[in-house]
Amino acid sequence: MLLLIVTTILWAFSFSLIGEYLAGQVDSWFSVLMRLALAAIVFLPFLRWRGYRASTILLYMLVGMLQLGVMYLLSFEAYLYLSVTEFLLFTVMTPLYVTLIYDLLSRRPLRIGYAFSAMLAVIGAAIIRYDKVSDHFWFGLLLVQAANICFAIGMVGYKRLQETRPMPQHTAFSWFYLGAVIIAVIAWSLWGNPNKLPTTSLQWGILVWLGVAASGLGYFMWNYGATQVDAGTLGIMNNMHVPAGLLVNLAIWQEKPHWPSFIAGAIVIFASLYVHKRWVLGKTTTSH
């Protein structure tokens with residue numbers, strides 16, 4: 001849980017830096033390529049293939065492709081059809097996908113308690129994010145949901161791989177990031193704009209920080225933490241970035257949230273975590 005909390009705080013600062021210094025100024029595909037390439041370099045010294053089946057290595061690369069590579073492709077395309085508010089509103093379904101996909105991959109019946117606590121987290125984030133949506137957003141909505149599903153499949157897939165085909169997590173992530181980089185290279189070669197590269201040392205510095213810290217260490221800590229908690233807690237924690245990101249914007253950029261909806265939504269999210277820990281997990285433990 002501690003790793004998930006630390007990563008949530010780390011990513012909350014990342015959203016602000018991207019919005020203030022990179023978005024609209026630096027080519028998005030280049031930003032993605034730089035982040036993932038630097039993250040891959042961080043874990044390159046841990047790359048090992050001896051003693052592992054080729055199928056296992058390919059599966060770890062696949063979850064990296066899905067969780068980061070394809071997810072980024074779909075997300076950036078969705079921005080062409082949605083406002084930022086709409087985009088953020090539609091990402092709050094991820095906790096529900098996490099619990100459903102985990103049950104599917106585990107070949108077990110749907111656990112109603114997990115789905116209920118995840119839905120509470122979705123409702124809480126939606127309360128914070130809700131704003132009037134535009135009249136033409138259905139295609140953007142589908143793109144965001146596809147991105148959410150790819151992120152959830154990658155996150156849950158990594159957790160399941162560690163349960164069924166374990167390898168040291170620093171080694172696993174060396175293959176994870178190589179898979180993501182392959183997608184980023186393809187995206188840059190197809191849609192990248194070489195005329196919109198970073199122009200200031202600050203922009204380059206932010207990209208380095210995002211690649212090494214937010215992406216490299218951040219996703220490692222998040223997925224490592226994902227293996228230490230149950231799927232329900234993981235799904236709920238995925239929406240904690242909503243209140244965290246708004247608090248960072250307030251502290252650094254003085255962008256005040258709509259306090260009534262922020263407080264109400266945050267209370268619902270924390271309540272979902274309490275309900276899950278107190279009753280869902282507690283009931284499961286008691287039954288065993």
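Student: Is Gly265 buried or exposed?
Tutor: Gly265 is buried, at a relative accessible area of 0%. Buried means under 20% relative accessible area, exposed means over 50%, and partly exposed lies in between, with a 1.4 Å probe and protein chains only. Please note that this is a predicted model, in which local features need pLDDT of at least 70, side-chain atom pairs count only at pLDDT 80 or more, and totals for chains, interfaces and linings use all residues. Residues are numbered from 1 along each chain as its sequence is written, and side-chain values use heavy atoms, with hydrogens and water left out.

Student: Which helix is Gly265 in?
Tutor: Gly265 belongs to helix H12, residues 259-287. Helices are DSSP runs of H or I with at least four residues, strands are runs of E with at least two, and both are numbered from the N terminus.

Student: Now Gly232: buried or exposed?
Tutor: Gly232 is buried, with 0% relative accessibility, and lies in helix H10, residues 231-237.

Student: What is Gly232 in contact with, beyond its neighbours within four places in sequence?
Tutor: Gly232 is in contact (heavy atoms within 4.5 Å) with Thr99, Tyr114 and His276. As for Arg111, 121 residues apart from Gly232 in sequence, the C-alpha to C-alpha distance is 9.7 Å.

Student: A change of topic: where is Trp209 found?
Tutor: Trp209 is found in helix H9, residues 201-226, and is partly exposed, with a relative accessible area of 34%.
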